[in-house]
Amino acid sequence: KSLLGFVVILGLSNCSNAPSHIIISPEVTTPTQNNYQGKNAQFHVTDLRTAHHLIQIIKEDEAAKLMTSQKKLVDVVSQALQSEYKKQGMLFNQSSTNSIDVLIDKALINVKQDTLSYEANSTISFRVKVNNTQQTLTQTFNSRSTSSGPLTADIAVLERDFSQQLSSALASIITNEEIAQFIK
């Protein structure tokens, strides 16, 4: 009986040690340019998603397992973009006539877990609204990826892949020529 009790406790402790948060760390690298040299802008990032988890793992006949980011996605996106804009010469000023609003519409890894395999679909969608007091430009940036494999999805691999996908999407925003030309 004591051996059975030990096995049950060990099994339960393994379940409680499963991560509930993931670490998202995009490494945005863009070519060194001065597209924004001497330009000022107000800058805001807003998360418009109705649910703020980044991973949902769905197994048949079980409740979905939801995982959020250790750091708020809004903060991750804001820090990454501001850092790259500053490298390009942008100055942030709340009284500027230019404004850049980044809206997070989607950011989710949907994992369908079967007994012997999994399939993960990842979607990221941003809208960037730039206002220069005369006009407003809206650009949409979408990124999708799919992966699959045997047994169960490795959370560390999902984190890495999502961080790379996010890095690519953010780099697309920074290097977008229309946005750069639109800011006065």
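Which residues does Gln88 touch, not counting residues up to four places away in sequence? In this predicted model, local features need pLDDT of at least 70 and side-chain atom pairs count only at pLDDT 80 or more, whereas totals for chains, interfaces and linings use all residues. Residues are numbered from 1 along each chain as its sequence is written, and side-chain values use heavy atoms, with hydrogens and water left out.

With that exclusion, Gln88 touches Thr30, Pro31, Gln33, Asn34, Asn35, Tyr36, Gln37 and Ile174 (contact: heavy atoms within 4.5 Å). Gln88 lies in the loop between helix 2 and strand 5 (91-92); helices (H or I, at least four residues) and strands (E, at least two) are DSSP runs, numbered from the N terminus. Its relative accessibility is 2%, so Gln88 counts as buried (buried: under 20% relative accessible area, exposed over 50%, partly exposed in between; 1.4 Å probe, protein chains only).

Tyr36 also takes part in an aromatic pair with Tyr85, edge-to-face, at 5.0 Å centre to centre and 90° between the planes. Rings of Phe, Tyr and Trp (its six-membered ring) pair if their centres lie within 6.5 Å; planes under 30 degrees apart count as stacked, over 60 as edge-to-face and the rest as tilted. The partners are 49 residues apart, with Tyr36 in the loop between strand 1 (21-22) and strand 2 (40-47) and Tyr85 in helix 2. The ring centres of Phe43 and Tyr85 are 6.0 Å apart with planes at 70°, so this pair is edge-to-face as well. Phe43 counts as buried because its relative accessibility is 6%, and Tyr85 because its value is 0%. Ring pairs link Tyr36, Phe43, Tyr85 and Phe92 into a cluster.
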